[in-house]
Amino acid sequence: MKRIVILRLGHRPERDKRITTHVALTARAFGAEGILLASNDPSITRSVTQLCQRWGGEFYIRNDVKWKTEIKKWKSEGGKVCHLSMYGINLPDAVPSIRECEKLMIVVGAEKVPFEVYELADWNVAVGNQPHSEVAAVAVTLDRIAEDEPLESEFKDAQLHVVPMDRGKKVIENP
Ligand code: SAM
């Protein structure tokens, strides 16, 4: 099973809380092992950790990392880095080589991404060459590179489980 971690750059606590939380939840739901936040916003860490406690799994979040240190460390340990940017090569062209790597860091920005990220990345990948959202970019990338089922429906030690149904909503809570 491929190890995938998301590195979130440029999060601005005063305006990006909701979108960064959604990047984290999307990453978790689509099979990443964790997210590194290259800004200091403990409220994101708290809300993601609380959700993980209720909905299960081993997804982690690390607050206030140094992005360059994390990228260099990941690469020195044999990992590869895929930076998502509308200026990159198109995702279908990169998928075959990305699938070959066992340890993948996916970098997403918020405001302007430093050029050094483009240089350090093994792939600068566009999910189409139009501007959209980091949430969409992460979701589509994780879905396209998944070889098995990308959407995990059961997470380890979950307190809450959804019972899928045609209509209506049913959630059961473990005793
Ligand atoms: N203005 C910023 C820049 O030029 O670097 C981009 C801001 S965009 C709202 C935030 C992030 O979403 C980007 O850094 C990128 O990671 C991701 N993103 C947006 N559109 C994308 C696309 N078409 N392909 C891949 N990633 C995309």
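## Helix packing and ligand surroundings

The axes of helix α1 (residues 17–29) and helix α2 (residues 42–55) cross at roughly 35 degrees and come within 10 Å. This is a predicted model, in which local features need pLDDT of at least 70, side-chain atom pairs count only at pLDDT 80 or more, and totals for chains, interfaces and linings use all residues. Residues are numbered from 1 along each chain as its sequence is written, and side-chain values use heavy atoms, leaving out hydrogens and water.

**Terms for the helices**

- Helices are DSSP runs (H or I, at least four residues), numbered from the N terminus.
- Axes are lines fitted to C-alpha atoms over the stretch in contact, and angles run from 0 to 180 degrees between N-to-C directions.

**α1 with α2**

- The crossing of α1 and α2 is right-handed (the near helix is turned clockwise from the far one by less than a right angle).
- α1 makes the contact (heavy atoms within 4.5 Å) through Lys17, Thr20, Thr21, Ala24, Leu25 and Arg28.
- α2 brings Ser43, Ile44, Ser47, Val48, Leu51, Cys52 and Trp55 to this contact.
- By class, the contact of α1 with α2 has seven nonpolar, four polar and two charged residues.
- Ala, Val, Leu, Ile, Met, Phe, Trp, Tyr, Cys and Pro count as nonpolar, Asp, Glu, Lys and Arg as charged, and the others, Gly among them, as polar.

**α1 with α6**

- The axes of α1 and α6 cross at roughly 10 degrees and come within 9 Å.
- α1 is therefore roughly parallel to α6 (angles under 35 degrees).
- Ile19, His22, Val23, Thr26 and Ala27 of α1 meet Glu134, Val135, Val138, Ala139 and Leu142 of α6.
- The contact of α1 with α6 divides into seven nonpolar, two polar and one charged residue.

**α4 with α6**

- Helix α4 (residues 91–100) packs on helix α6 (residues 134–145) at about 55 degrees, with their axes 10 Å apart.
- α4 passes α6 in a right-handed crossing.
- Leu91, Pro92, Val95, Ile98 and Arg99 of α4 touch Val140, Thr141, Arg144 and Ile145 of α6.
- Six nonpolar, one polar and two charged residues form the contact of α4 with α6.

**Ligand**

- Leu84, Ala110, Val127, Gly128 and Gln130 come nearest of the 18 residues around the ligand (a heavy atom within 4 Å).
- A polar backbone atom of Leu84 is 2.6 Å from an oxygen atom of the ligand.
- A polar backbone atom of Val127 is 2.9 Å from a nitrogen atom of the ligand.
- A polar backbone atom of Gln130 is 2.6 Å from a nitrogen atom of the ligand.

Technical notes. Helix = DSSP H or I, 4+ residues; strand = E, 2+ residues; numbered from the N terminus. Polar contact = N/O pair within 3.5 Å; in protein donor to acceptor, adjacent residues only side chain to side chain. Parallel < 35°, antiparallel > 145°, perpendicular 65-115°, else oblique.
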